[in-house]
Amino acid sequence: MTRLFTWLSALITTLGVISLCAAIWFGLPIAGIDWLATVPVRAGLIAGILSLLLLGAIVQWRARNRAAAELEDSLLATQ
């Protein structure tokens, strides 16, 4: 069940990110705000969102590895 939840969560997150990027790319020109409709601004917004998501994933991965190392150290210390 946990493995299914992990894959389902990853799928929903991926679809959400793709939808948000598509909404920024296609929606901002339709909104009619000229300075937001330029390609560099839209690309920058998408790059910023993707970099924040990547940063969050890296922080989570480092915290998980640090916790695993601390658990391993505590188990080795008790032997």
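Okay, let's begin with Ala69, which counts as partly exposed because its relative accessibility is 34%, where partly exposed sits between buried, under 20% relative accessible area, and exposed, over 50% (1.4 Å probe, protein chains only). A quick word on where this comes from: this is a predicted model, so local features need pLDDT of at least 70, side-chain atom pairs count only at pLDDT 80 or more, and totals for chains, interfaces and linings use all residues. Residues are numbered from 1 along each chain as its sequence is written, and side-chain values use heavy atoms, with hydrogens and water left out.

Back to Ala69, then. Ala69 lies in helix 2; helices here are DSSP runs of H or I, at least four residues, numbered from the N terminus. Val59 is 10 residues from Ala69 along the chain, and their C-alpha atoms are 15 Å apart.

Val59 is also found in helix 2, and its relative accessible area of 52% makes Val59 exposed. Trp61 is another residue of helix 2, and Trp61 counts as exposed at 51%. From Trp61 to Ile18, 43 residues apart along the chain, the C-alpha separation is 22 Å.

Now, how do the helices pack? Helix 1 and helix 2 (residues 39-77) meet at an angle of about 165°, with axes 10 Å apart. That makes the pair roughly antiparallel, since angles over 145 degrees count as such. The axes are lines fitted to C-alpha atoms over the stretch in contact, and angles run from 0 to 180 degrees between N-to-C directions. Helix 1 passes helix 2 in a right-handed crossing, meaning the near helix is turned clockwise from the far one by less than a right angle.

Last stop, helix 1, residues 2-31, which holds Leu15. Leu15 is partly exposed, at 48%. Together with Leu8, Leu11 and Ile12, Leu15 makes a nonpolar surface patch of about 390 Å². Patch residues have over 30% relative accessible area and no salt bridge, with nonpolar side chains joined within 5 Å and like charges within 9 Å; a salt bridge is a Lys or Arg side-chain nitrogen within 4 Å of an Asp or Glu carboxyl oxygen.

Conventions:
Areas by Shrake-Rupley, 256 points an atom, 1.4 Å probe, with all protein chains shown as cover. Helix = DSSP H or I, 4+ residues; strand = E, 2+ residues; numbered from the N terminus. Parallel < 35°, antiparallel > 145°, perpendicular 65-115°, else oblique.
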